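User: I am new to this structure and would like to go through it step by step. Please begin with a term that will be needed for the helix packing.

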Amino acid sequence: MNYINIIEGFWKMNAYDRFSSSEIILYLYLVHICNQNYWNMPIACKTATLQSELGLNKSTIIRARVKLRERGLIDFTEGVQNSSSPKYRLLNIHSCKNATASATAHATDSATADETINKDIDRDKYNYSFAHQKKNRGHGIDKQKDKDQRRSIDVSPATQEGYDAPF
């Protein structure tokens, strides 16, 4: 597993469907521990250790790890009271079919909707601008004046008044 790819994949998933703060801190801590253990999995990590390291209570840790399992990021086996620690395994973030499919579908729908809105706004601006220019033009009576208005420039002839010497 590649540490950077895991983190980037996690944040991409978060962009489409937000994780809670407890899910974020738990997942990033587990990635850190896996990296320290040279990616030998499963890793055993006591819930009490997670509580002290992360500043979360036991029920919050349990809820967060269940949510991470549901999203396809981790798998774990629960520990037995005071005899064995819970064992965690990071799953390949790119093989999270449900998460990836839903994130892709959401991103596609969102991008399509945004682009449609942008096109409508641009079209409305163009139509308004064009209609406004057409209404205020000289309707072809003075073609030069009409042409200058369309270019939005103010044309006034230069005079010699105000100059000291001729050119």
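Analyst: Two axes count as roughly perpendicular when the angle between them is 65 to 115 degrees. The model discussed here is predicted.

User: How are α3 and α4 arranged, roughly perpendicular or roughly parallel?

Analyst: The axes of α3 and α4 are 10 Å apart, and the packing angle is about 100°. An angle of 65 to 115 degrees is the range for this class. α3 and α4 are therefore roughly perpendicular.

User: Which residues in α4 meet α3?

Analyst: On the α3 side, the residues are Thr-47, Leu-50 and Gln-51. By class, the contact of α3 with α4 has two nonpolar, two polar and two charged residues. The partners in α4 are Lys-58, Ile-61 and Arg-65.

User: How is α2 placed against α3, roughly perpendicular or roughly antiparallel?

Analyst: Helix α2 covers residues 21-36, and its axis comes within 11 Å of that of α3. The two axes cross at roughly 110°, and the crossing is right-handed. That angle makes α2 and α3 roughly perpendicular.

User: How many nonpolar residues are in the contact of α2 with α3?

Analyst: From α2 the contact takes Ile-25, Leu-26 and Tyr-29, and from α3 it takes Thr-49, Leu-50, Glu-53 and Leu-54. One residue of this contact is polar and one is charged. The nonpolar residues number five.

User: What about α1 and α2: are they roughly parallel or roughly antiparallel?

Analyst: Helix α1 spans residues 3-16, and its axis comes within 11 Å of the axis of α2. The crossing angle is roughly 170°, and angles over 145 degrees fall in one class. α1 and α2 are therefore roughly antiparallel.

User: How many charged residues are in the contact of α1 with α2?

Analyst: α1 contributes Tyr-3, Ile-6, Ile-7, Phe-10, Trp-11 and Asn-14, while α2 contributes Ile-24, Tyr-27, Leu-28, Val-31, His-32 and Asn-35. By class, nine of these residues are nonpolar and three are polar.

User: What is phi of Tyr-38?

Analyst: Tyr-38 is also placed in the loop between α2 and β1. Its phi is positive, in a residue other than glycine. The value is near 60°.

User: Which helices each supply at least two residues of the lining of the largest pocket?

Analyst: The largest pocket has a volume of about 410 Å³. Its lining holds 16 residues, with Thr-47, Lys-58, Gln-81, Asn-82 and Pro-86 nearest the centre. By class, four lining residues are nonpolar, eight polar and four charged. The helices are α3 (47-54) and α4 (58-70).

Notes
Residues numbered from 1 in each chain as written. Predicted model: local features only at pLDDT ≥ 70, side-chain atom pairs only at ≥ 80, totals over all residues. Heavy atoms only, no water. 1 Å grid on protein atoms, 1.4 Å probe; cavity = no way out; pocket = protein on both sides within 12 Å on 5 of 7 lines; lining within 4 Å. Points joined across faces, edges and corners; volume = space filled by probe spheres on them. Helix = DSSP H or I, 4+ residues; strand = E, 2+ residues; numbered from the N terminus. Nonpolar A, V, L, I, M, F, W, Y, C, P; charged D, E, K, R; others polar. Axes fitted to C-alpha atoms, helices over the stretch in contact; angles between N-to-C directions. Parallel < 35°, antiparallel > 145°, perpendicular 65-115°, else oblique. Left-handed = near helix turned anticlockwise from the far one by under 90°. Contact = heavy atoms within 4.5 Å.
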